[in-house]
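Here are a few notes to go with the model you asked me to look over. Have the viewer open while you read.

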Amino acid sequence: GTEIIFSDKGHIISYSNLNINGTKDNPIIFRSNFNGTKDDNEQYGYGILVMNTSKTSIINNSIFKYMSHPDVNLGYGLMGPINFYNSDVIIKNSEFSDNLSGDDYLNIINSNFEISNVKITNSKFDSIDIDFSKGIMEKVYVLNAGNDGIDFSGSDVKLKDIFINSVEDKGLSVGEKSKILVENLKIKNASIGLASKDLSTLDVKNFDIQNSKIIAAAYQKKSEYGPGYINVTNISNINNTFDYFSELNSKIIIENQLIPVTSYDYSSF
């Protein structure tokens with residue numbers, strides 16, 4: 001039932017693990033002093049950074065809303081409101097909504113993690129960004145993202161029961177030698193449902209995609225890496241504009257069938 005309000009550029013920086021334990025009926029709420037109407041003269045609060053911890057942080061039954069990333073000139077280098085750097089974390093039964101700024105709402109870097117029963121809505125850009133980390137995600141719901149739903153770079157992650165709806169760019173974006181396994185994935189209203197690039201592999205079992213522009217794309221984006229790989233079994237494809245874009249040397253396999261190479265400008269992805 002506790003409510004913690006960030007104002008006047010206030011934020012939390014912790015070099016030890018956090019233990020945030022609410023209950024289902026009385027969650028802990030973290031929010032800025034934003035009241036729904038933007039005032040250029042108001043100094044809103046920022047968010048949370050946990051870094052270089054030796055123990056695992058726990059976030060359970062908590063709500064985060066109206067959060068922002070710190071000003072770049074403060075020197076923290078943070079691109080999102082909620083950040084875990086070199087700090088293992090377990091996040092469950094929690095909600096993130098309506099961030100005011102930041103490239104990512106939740107950013108986990110160089111850490112082990114577990115995310116379960118989490119909902120992220122109305123994120124400015126990426127909802128979840130996982131960089132060079134290892135973990136599991138289960139029962140994650142993403143709604144209304146200004147960029148990607150979930151973005152992986154250099155990570156090894158297993159996902160199950162993921163629902164993504166209304167994202168401006170990619171539902172799942174996988175890059176920089178990531179290895180991602182997904183079971184039970186539903187994506188609606190995305191520009192690109194699945195994207196695998198730069199020596200990443202994305203394996204999806206039970207994939208339902210609807211009302212999206214492109215089902216899947218595999219390509220190379222960064223010159224120091226290589227092509228991307230996607231394998232999908234048991235797919236339901238309803239009312240999508242295009243099917244697949246597979247760059248030379250990349251591979252998309254759908255129901256054990258290799259998709260032909262497609263000519264396309266992948267720099268636009």
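**Notes on the packing**

1. Let's start with Asn 165, which is buried, at a relative accessible area of 13% (buried is under 20%, exposed over 50%, partly exposed in between, using a 1.4 Å probe and protein chains only). Asn 165 sits in strand 15; strands (E, at least two residues) are DSSP runs numbered from the N terminus. Setting aside residues up to four places away in sequence, Asn 165 touches Val 142, Leu 143, Asn 144, Lys 188 and Asn 189, where contact means heavy atoms within 4.5 Å.

2. A word on provenance: this is a predicted model, local features need pLDDT of at least 70, side-chain atom pairs count only at pLDDT 80 or more, and totals for chains, interfaces and linings use all residues. Residues are numbered from 1 along each chain as its sequence is written, and side-chain values use heavy atoms, with hydrogens and water left out.

3. Now the aromatics: searching the whole structure turns up 8 aromatic pairs. Rings of Phe, Tyr and Trp (its six-membered ring) pair if their centres lie within 6.5 Å; planes under 30 degrees apart are stacked, over 60 edge-to-face, and the rest tilted. Phe 6 and Phe 30 make a tilted pair, 6.4 Å centre to centre with 35 degrees between the planes. Phe 6 is in strand 1 (residues 3-6) and Phe 30 in strand 4 (residues 28-32), so this pair ties together parts 24 residues apart in sequence. Both Phe 6 and Phe 30 are buried.

4. How are the rings of Tyr 141 and Phe 163 arranged? Their centres are 5.1 Å apart and their planes at 25 degrees, so the pair is stacked. This pair links distant parts of the chain, with Tyr 141 in strand 13 (residues 134-145) and Phe 163 in strand 15 (residues 156-175), 22 residues apart. Tyr 141 is partly exposed at 27% relative accessible area, while Phe 163 counts as buried at 18%.

5. One aromatic cluster is made up of Phe 6, Phe 30, Phe 64, Phe 96 and Tyr 105.

6. On to the nonpolar core (buried Ala, Val, Leu, Ile, Met, Phe, Trp, Tyr and Cys joined through side-chain atoms within 4.5 Å). The largest one has 56 residues, and Met 137, Ile 150, Phe 152, Leu 185 and Leu 194 touch the most other members. Strand 15 gives this core its largest share, 7 residues. A second, separate core of 6 residues includes Ile 192, Ala 195, Ala 217 and Tyr 219.

How values were computed: Helices (H or I, at least four residues) and strands (E, at least two) are DSSP runs, numbered from the N terminus.
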